[in-house]
Amino acid sequence: MPRYSKRARTIYSYIAMLVGSFFIAASFNLFLLPNRIASGGVSGISVIIDTLANIPPAYTQWALNIPIFIAGVLVLGKQFGIKTAIGTIVLPLFVLLTSHWTPPTDNPLLAALYGGLGVGLGLGLVFRGRGSTGGLDTMAQIIHRVIGIRLGLAVAMLDGLVIISAGLFISLENALYALIGLFATSKTIDVIQSGFQTSKAAFIISKHPDRVSDAILHELDRGLTRLQGVGGYTGDDRPVLLAVVGQNEVVRLKLLVRDADPDAFVIITNAAEVLGEGFHDERLL
C-alpha cells in the first residue's frame, strides 16, 4: 500500500484511542461514579476506593494501571505496545480533567444504561484503533499467560470480583446495577466493532447449481462462491453455493432460489461483519 495510507491508518488509530478514552472518562464521571456503579475493571475498583477512602478515582487508576502495565511488559514482552502505555496514562488523565462535570441524572438505572453505553462506545473506538486501556484486561492476559486460564474466563473472573466487592462494600443493589452497565458496555462494543448493518450468509445445496448461480449473479447482482460438498448418505458430489447478501435482499434471494430449484436446501445465517466488494469496507481502519 502507499506510504500515506499506512500513515493515515496510524493517525486514525491514535485519534480513535484518544477520542475513545475521552468517552470512557466522560461516561465514568457523568454516570457511573456519581451513582456508585462499579461495573468491573480498574475504574470499578476506583469507585469502591473512592466510596471507602475518598481518594479521587484518577489517582487510584494511575496507581493500579502503571504497575499492571509494567508487569505486562515483563510477562508479555515489549510488543505489549506503546498504545497500551498511552491508554494507561491518558484515560486517568481524562478522568481527572472531567471530574468536575455535573451528572445529568441521579437515577441509578439510567446511569447504568447510559454509563455502560458510553463506556462501550469509548472502548469500541479504542479497540478499533487497535489500542488498549490496560488495567484488568492486561492482568487477565498475564493470568492467561502464567496460569493458562482461558482469556475470556480470566476477564470474567476479574470483573466478577470487582462487582462482588461492590456488592460487599457499597451495596447489593449497586452490584446489580453494575451488571446492567457491564451488559450495556459489551453489547455496545459489539455494535461499534461490527457495525449496525447485519448481512446474511446463505448456503445453498441444489441439484441445479448452474441455474441457481445464474439467478443470483444476474438477477440479484451478487457474487457467490461454489464450494465442494459430498452427500452424507449418497456419497454423491453436492456443490454448495455460498452467497452473502444484505438484510433487505434475503426475501428476494429465497424467491430466486425457489424459482430456480424448488427442491434446493437453503441455510441462511447471520454474518456480523462482511468486508469486500459490495459491502462496507473498513480494512483501511
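I take helices (H or I, at least four residues) and strands (E, at least two) as DSSP runs, numbered from the N terminus. This is a predicted model: local features need pLDDT of at least 70, side-chain atom pairs count only at pLDDT 80 or more, and totals for chains, interfaces and linings use all residues. Residues are numbered from 1 along each chain as its sequence is written, and side-chain values use heavy atoms, without hydrogens and water.

**Record features.** I checked UniProt, an unreviewed entry here, for "transmembrane region": it lists residues 12–33, 59–77, 84–102, 108–127 and 147–170. Such annotations may be inferred rather than shown by experiment. I looked up two of these stretches. Residues 59–77 are 95% helix and 0% strand, with end C-alpha atoms 26 Å apart. Residues 108–127 are 100% helix and 0% strand, and their end C-alpha atoms lie 27 Å apart.

**Domains.** I find domain 1 at 6–194 and domain 2 at 199–270; the bounds come from an automatic or database domain assignment. Their C-alpha centres are 44 Å apart.

**Helix H2.** I looked at residues 41–53, which form H2. Buried (under 20% relative accessible area, 1.4 Å probe, protein chains only) are Gly41, Val42, Gly44, Ser46, Val47, Ile48 and Asp50. Asn54 follows H2 with a positive phi, near 60°.

**H9 and H10.** I paired H9 (residues 209–219) with H10 (residues 250–260): their axes come within 9 Å and cross at roughly 145°. Axes are lines fitted to C-alpha atoms over the stretch in contact, with angles from 0 to 180 degrees between N-to-C directions. Contact (heavy atoms within 4.5 Å) involves Arg211, Val212, Ala215, Ile216 and Glu219 of H9 and Arg252, Leu253, Leu256, Val257 and Ala260 of H10.

Methods
The expected span of a helix is 1.5 Å times one less than its number of residues. Buried means under 20% relative accessible area, exposed over 50%, partly exposed in between (1.4 Å probe, protein chains only).
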